[in-house]
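Hi,

Here is the structure I promised to pass on.

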Amino acid sequence: MPETLTPPGPKPEGFDPDWVRAKHAYERAKRLRRDGVEQFVEVTAEFSHWEDDPYVERTPRDPVNDEVEILMIGAGLGSLIAAARMREAGLDGIRLLDRAGGVGGTWYWNRYPGIQCDIESYIYMPFLEELGYIPTQKYAYGAEIREHLAAIAHHYDLVRDALFHTTVTEMVWDEAEQRWNVHTDRGDRIRARTVVVSPGSLVRPKLPGIPGINEFEGHTFHTSRWDYSYTGGNEFGGLSGLQDKSVGVVGTGATGLQVVPHLGRWAQQLYVF
C-alpha cells in the first residue's frame, strides 16, 4: 500500500460521516499501487493481438492523398459529439480516422456477454432528441449503445469520408502552408487545417504482468476482444462452448461483474481471481 492506514474499526450503528470517510480512505489505499501503469506489460502471447479486429474484416484499399478541413483521430464518443456539433455549425470537410472497423470507440471493441453501461442511458447516450430516439433500457446494453452511435454518424454524414482500420503514424506541421501533414499505416497522405486528437483511453486492453502469462498454453483472450468462436453465444449469453471447460476470470471490476453471471451459468467450473 502506498500509505499506511489503520482500519476504521467496526461500523457504528448510526450514520457517522467521519467513519465513512475513514472507510473510503482505507479501501482506496488498499487499491493503490506504487508501480502504477508499470503493472501492465506488453504481452506477446497469442491472445495479445489486441490490434486485430474480430468484428469487421480489414479490406485492402488505395492510399488517400487529399486535404480536409478537420481530421478527427478517433471515432469514439468524443469525436462523434464534436464532429456532429461541427456539422450543426455548418462545417464540412470533416474526416474521422480510427483503427477500428467502425465508430464507437470502446463500445465498438467491447462486446463481451452482459456488457451494459452503469450510467443511466438518458444521461449517457448523446443526441437522443436530435435523432428522436428513446433508449429501451434505463441502463443500456452495449449493442444498443453501439447501434445508436452508428446512427449518429450516419445522421450527421460522418461516415462518407471516414477512414477505418487506419492508424496515424506521423504528424508534421507545415508552417508555410499552415497545414498538418498526416501519414498513416495505409500509405495515406492527408493535409488538414485542424487535427483533433481523441483516441480515448479504453480502446487498448491493459494486460497484467502476471509471471508466466506469455507461456500459458490454454485458450486465453481479453474481455474487450471476446472470442465467441470459442465460447459460442453472443453479448446476451448462450456460451455453450464452455460447458465442458474450466474457466478463470482475472479481475473483479465492472467488466468482471458483468461477465461472471454468464460464465458461471455456462462453464463447467468457474474461478474468479
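A network of salt bridges ties together Arg 87, Asp 92, Asp 157, Arg 160 and Asp 161. Before I go on, some housekeeping: this is a predicted model, where local features need pLDDT of at least 70 and side-chain atom pairs count only at pLDDT 80 or more, while totals for chains, interfaces and linings use all residues. Residues are numbered from 1 along each chain as its sequence is written, and side-chain values use heavy atoms, with hydrogens and water left out.

By salt bridge I mean a side-chain nitrogen of Lys or Arg within 4 Å of a carboxyl oxygen of Asp or Glu. Searching the whole structure gives 19 of them.

Arg 160 is partly exposed at 46%, Asp 157 is partly exposed at 35%, and Asp 161 is partly exposed at 27%.

Another salt bridge joins Asp 244 and Lys 245, with the closest N and O atoms 2.8 Å apart. Asp 244 is exposed at 54% relative accessibility, whereas Lys 245 is partly exposed at 24%.

**Rings**

For aromatic pairs, the rings of Phe, Tyr and Trp (its six-membered ring) must have centres within 6.5 Å; planes under 30 degrees apart are stacked, over 60 edge-to-face, and the rest tilted. The count under that rule is eight pairs. Trp 226 and Tyr 228 make a tilted pair, because their planes are at 45 degrees, with the ring centres 6.1 Å apart. Both partners are on the buried side: Trp 226 has a relative accessible area of 5%, and Tyr 228 comes in at 19%.

There is also a cluster in which ring pairs link Tyr 55, Tyr 108 and Trp 109. Arg 111 sits over Tyr 108, 4.8 Å from the ring centre, and Arg 225 sits over Trp 109 at 3.9 Å from its centre.

**A buried threonine**

Thr 166 is in the loop between helix 6 (142-155) and strand 3 (168-174); helices (H or I, at least four residues) and strands (E, at least two) are DSSP runs numbered from the N terminus. What does the side chain of Thr 166 touch? It makes a 2.9 Å polar contact with the side chain of Arg 61, and one of its polar atoms lies 2.8 Å from the backbone oxygen of Phe 164. A polar contact here is a pair of N or O atoms within 3.5 Å; within protein, one must be able to donate a hydrogen and the other to accept it, and residues adjacent in sequence count only if both atoms are side-chain atoms. Thr 166 is buried, at 1% relative accessible area.

**And one exposed isoleucine**

Ile 123, in helix 4 (residues 121-124), is exposed at 64% relative accessible area.

Cheers

Definitions and conventions
Buried < 20%, exposed > 50% of the residue type's maximum accessible area, 1.4 Å probe, protein only. Lys NZ or Arg CZ within 6 Å of the ring centre and 35° of its normal.
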